Amino acid sequence: MKLLTGNELRSGAVTWWTGSGWSLHVEDAVDVGEHGEAVLHAEEGARRVNAPYIIDAVATPQGPRPAHIKDRVRALGPTVRPDLTLKPADPAAGDWII
Amino acid sequence: MYKYDHFDQSIVDARVAEFRDQVNRRIAGEITEDQFKPLRLMNGLYLQLHAYMLRVAIPYGTLDSRQMRMLAHIARKYDRDYGHFTTRQNIQYNWIKLEECADLLEELATVEMHAIQTSGNCIRNISSDQYAGAAADEVADPRPWAELLRQWSTFHPEFSYLPRKFKIAVIASPEDRAAMRLHDIGLELVRQNGELGARVFVGGGMGRTPMIAPEINPFVKADDLLSYIEACLRVYNRYGRRDNIYKARIKILVHEIGADEYRRQVAEEFAHVKTLGIDPPLAELERISAFFAPPAFDAADVEPDRSDPDFAVWLDQNVKPHKQAGYAIVNISLKPIGGIPGDATSAQIDVMADLAEQYGFDELRVTHAQNIVLPHVAKRDLHAVWQALREAELADANLDLISDIIACPGLDYCSLANARSIPVAQKIATRFADMDRQRDLGELKLKISGCINACGHHHAGHIGILGVDRKGVENYQLTFGGSGAEDVSIGKIIGPGFDEDGVVDAVEKATEVYKTLREGDERFIDTYRRVGLEPFKEAIYG
């Protein structure tokens, strides 16, 4: 599957295309299939996202898992600061990245 | 310390106002990201993995308690309560919001700080010896020269769009504490028959093509120094490659045309530049130097009470001799076992500011090894300083030991990285947590980079670790034999890479080989240089 991701313009936070808008959580991301480029240009032009790009991912029961470790780090947060990730209460959350 | 004059303050304030307008226009959609990106980079604002990252310049790593407290305030108000001190003596904030950045810069400007020229193809922050003004072996204080270069390079119209970024280091001691010869230009102030001048080295650097800068001129008189450096830059600006980013640094130019030809061209250009009269008059040099006059040293030379064994270890490891009797140089380690190299909380930054104000003539330094220095502490106050540091979890006595690891932010934060650096540093430090074991190993400089750009200085590590991406999996190459000191050398890759745990094991095996083979007071790197790679390879790869 393919996901569309980028950063929020104002905050810089990592965001994921949900099919109708943007979410901070990769679990909400949808497969953009062949439509990624079109969505990318429309959303970037409307300044709803900054520096967007399309990535490969794998569908899992827990939701999409980006294929590359860099995007998994982006999806969760720094592995060395679990308290600053999107799942600070889950000490095992970092295992998802590796 | 240098204090801004009207011109300094005006240009910094004007830049903040200009950037505020640029940010507003970006948010309003009047300019695109492609148009905005070079503008934000000129103000130190990067877009990293999780958020915008702001790199704040700390000129030659020197700051006072007021500035240090502002760094803590920025961390608290605009970031997530911490900052990351870098290998270029700067500080980075990892979670900055674009819409708040101009406010942040405006607050920074109130304490004579900014983020200008911390990115882009310009002359970056001038780096220097963290012991400047305190080291017994210096022939002069390098800071006035670093400050002169800061002023000369700030918004230099001719050098704002160089082929590539440009880094200058200034030292004034035979002992190199600033990795001087691994800079685009390295200056070592020296005296020749009593006259002050500089050895000039050009074309060093790390990155994907590490090179040690050759000596281009053994002695440039102080009166000619600025003109000579201008000539060095002009030759580079004219002939440095702009067609290939990987060949654009000055080290490639010097290497390709040869040091002799580069030297000849600089001499030719210097003859012209010297006619332009850009070298500052003596009065201006004296005006700048006056800001760096030694503080009013008046403490009696009393040795501290060493009866507390933990304090004694800290004294032996982290406290260095001062040129003034009765005083010492205090190194504050930002490398707690299992911690993140170079990170400090806002509370810790405040503590260091308080200690500088109370005990250190209001001066602090940031080191390229990502530690903090209080350069002038009376020996009578060392115990009180240590107690306060211990209370703030800043009293790790591991300076220059195996756990005093330089590590770049790596894949945990950096968009350029291929592998994580910090977890490797944490595992190695934890493996060698026992202080007796660390101290038995002695000086061992271990440096980790998460990609070939080498921000973690792995090429200059006695043991270097380079993280690479091998088909989407983190892999770590080991290098041995590097040094950023006066015995400068580039480390060599020892063989196939390792996974995260494997590289920790390999480092441990290397230390065992060293312990078996060392002679006398040899450091790890001395033994490696004497016996060569083979015994280490045999132990690590079997």
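Start in strand S15 (residues 372-378) of chain B and select Val373(B): Arg365(B) has Val373(B) as its bridge partner there. Helices (H or I, at least four residues) and strands (E, at least two) are DSSP runs, numbered from the N terminus. This is a predicted model, in which local features need pLDDT of at least 70, side-chain atom pairs count only at pLDDT 80 or more, and totals for chains, interfaces and linings use all residues. Residues are numbered from 1 along each chain as its sequence is written, while chains are lettered from A and ligands numbered from 1 in the order in which they are written.

**Around S15(B)**

In the hairpin of S14(B) and S15(B), five residues lie between the strands, and Gln370(B) has a positive phi near 70°.

Next, select strand S12 (residues 327-332) of chain B, joined to S15(B) by five bridges in an antiparallel arrangement. Here Asn331(B) has Val373(B) as its bridge partner. Colour S15(B) by burial: seven of its seven residues are buried. A residue is buried if 20 or more other C-beta atoms lie within 10 Å of its own, exposed if 12 or fewer, and partly exposed in between, with C-beta atoms placed from the backbone.

**Across to Leu466(B)**

From Ala328(B), go to Leu466(B): the two are 138 residues apart in sequence and 35 Å apart in space, C-alpha to C-alpha. Leu466(B) lies in strand S18 (residues 463-470) of chain B. Is Leu466(B) buried or exposed? Leu466(B) counts as buried because it has 27 C-beta neighbours inside 10 Å.

Show the residues in contact with Leu466(B), leaving aside neighbours within four places in sequence: Ser449(B), Ile452(B), His458(B), Tyr476(B), Gln477(B) and Thr479(B). Two residues are in contact if their C-beta atoms, placed from the backbone, lie within 7 Å.

**The sheet and its helices**

Now display the open sheet of five strands in chain B, ordered S16-S17-S18-S19-S20 with mixed pairing. Its edge strands, each pairing on one side only, are strand S16 (406-407) and strand S20 (492-493) of chain B. Strand S19 (residues 473-480) of chain B runs antiparallel to S20(B), with two bridges joining them. Select Phe480(B) to find Lys492(B) opposite, in S20(B).

Helix H15 (residues 500-517) of chain B lies across S18 and S19 of chain B, at about 15° to S19(B). H13(B) lies across S16, strand S17 (446-449), S18 and S19 of chain B, at about 155° to S17(B). Axes are lines fitted to C-alpha atoms, for helices over the stretch in contact, and angles run from 0 to 180 degrees between N-to-C directions.

**The contact with chain A**

The contact takes 21 residues from chain B and 20 residues from chain A.

**Zooming out**

Finally, show chain B whole, with its 17 helices and 20 strands. The C-alpha trace spans about 60 × 60 × 55 Å along its principal axes. Of the 542 residues of chain B, 54% count as buried. Among contacts in chain B with a separation of 6 or more, 67% are between residues 24 or more positions apart.

Note on methods. Pairing = 2+ DSSP bridges.
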